[in-house]
Amino acid sequence: MEHKLLEKLSEQEWQEQLDPETYRVCRLGETEAPFSGTLLHHKASGFYHCACCDRPLFKSESKFDSGCGWPAFDQPIATSAVKYFDDKSAGMHRIEVRCAHCNAHLGHVFDDGPTVTGARYCINSVAMQFHKPDSTA
């Protein structure tokens, strides 16, 4: 990647850097089809990073099977890893989750999770890359 700061990339530069599906989801705020993501049933130990800027977002220990069709987590790797926005699209009110570093759309968070946090982060597989514990640098 060029040395230009990620937050300063133009939409054309993002489109050139990302595959069409990742661009559609992460930069245009769309959603991958439920039950279609490669990370939905992924169970290895490690870290889930932003597909756009490679910053860590979630630990595998926080992942659970929610049955919703997208990878689900009960908390981000750090409170500073993601940011939240009101989303009133599609005739409903949801909380959108974006990467705090590059502003990529990741998915949504709901307050009906089964763990002690009560959160269910439904995150598009295409918005993430998995890294094994020894490859997080």
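The model I am working from is predicted. My search of the whole structure returned five aromatic pairs. For one of them, Phe58 with Phe73, the ring centres lie 4.3 Å apart and the planes meet at 15°, so I logged the pair as stacked. The cut-off I applied here is that planes under 30 degrees apart count as stacked. Phe58 belongs to strand β2 (residues 56–59) and Phe73 to strand β4 (residues 72–73); the two are 15 residues apart, and the pair links distant parts of the chain. Are Phe58 and Phe73 buried or exposed? I found both of them buried.

I also noted a charge over a ring: Arg27 lies over the face of Trp14, at 4.1 Å from the ring centre.

**Sheet order**

Next I traced the strands. I read an open sheet of six strands in the order β3-β4-β8-β7-β6-β5, with antiparallel pairing. Which strands stand at the edges? They are β3 (63–64) and β5 (82–87); each has a single partner strand, so one side of each is left without a neighbour in the sheet.

I then went through the pairings from the β5 side. β5 and β6 are antiparallel and share six bridges. In this part of the sheet I found Asp87 opposite Arg94 of β6. Strand β6 (residues 94–99) pairs with β7 in the antiparallel sense over four bridges. Which residue of β7 is the bridge partner of Arg98? I found His105 there. Five residues lie between the strands of the β6 and β7 hairpin, and among the residues of this hairpin Asn103 takes a positive phi near 70°.

**Strands β7 and β8**

I checked how covered β7 (residues 105–110) is: five of its six residues are buried, and I wrote it down as mostly covered. On to its pairing with strand β8 (residues 120–123), which is antiparallel over four bridges. Val109 has Tyr121 of β8 as its bridge partner, and Gly107 stands opposite Ile123 of β8.

I looked at which way the β8 residues point. Arg120 and Cys122 point one way, while Tyr121 and Ile123 point the other way. I note that all of them are buried, Arg120 included.

β8 also pairs with β4, in the antiparallel sense, over two bridges. Here Phe73 stands opposite Tyr121.

**Positive phi in loops**

Most residues other than glycine have a negative phi. Asp54 is not a glycine, yet it has a positive phi of about 65°. I located Asp54 in the loop between β1 (47–50) and β2.

Ala90 has a positive phi of about 60° and is not a glycine either. Where is Ala90 found? I placed Ala90 in the loop between β5 and β6. With a relative accessible area of 61%, Ala90 is exposed; the cut-off for that class is over 50%.

**Ser36**

I looked up Ser36 and found it in the loop between α2 (20–27) and β1. Ser36 is partly exposed, at a relative accessible area of 45%. I also took the C-alpha separation of Ser36 and Cys99: it is 22 Å, for residues 63 apart along the chain.

**Largest pocket**

Last, I searched for open space. Rolling a probe the size of a water molecule over the atoms shows where empty space is left. The largest pocket came out with a volume of about 150 Å³. How many residues line the largest pocket? I counted 16 residues in the lining, and those nearest the pocket centre are His42, Lys43, Lys63, Phe64 and Asp65. Sorted by class, the lining of the largest pocket holds seven nonpolar, six polar and three charged residues. I note that Phe64, one of the residues nearest the centre, falls within the range of edge strand β3 (63–64).

Definitions and conventions
Residues are numbered from 1 along each chain as its sequence is written. This is a predicted model: local features need pLDDT of at least 70, side-chain atom pairs count only at pLDDT 80 or more; totals for chains, interfaces and linings use all residues. Side-chain values use heavy atoms; hydrogens and water are left out. Rings of Phe, Tyr and Trp (its six-membered ring) pair if their centres lie within 6.5 Å; planes under 30 degrees apart count as stacked, over 60 as edge-to-face and the rest as tilted. Buried means under 20% relative accessible area, exposed over 50%, partly exposed in between (1.4 Å probe, protein chains only). A charge sits over a ring if NZ of Lys or CZ of Arg is within 6 Å of the ring centre and within 35 degrees of the ring normal. On a 1 Å grid over the protein atoms alone, a cavity is a set of points where a 1.4 Å probe fits but cannot get out, and a pocket is an open set with protein on both sides within 12 Å along at least five of seven lines; lining residues have an atom within 4 Å of a point. Grid points are joined across faces, edges and corners, and a volume is the space filled by probe spheres set on the points. Ala, Val, Leu, Ile, Met, Phe, Trp, Tyr, Cys and Pro count as nonpolar, Asp, Glu, Lys and Arg as charged, and the others, Gly among them, as polar. Two strands pair if DSSP finds at least two bridges between them.
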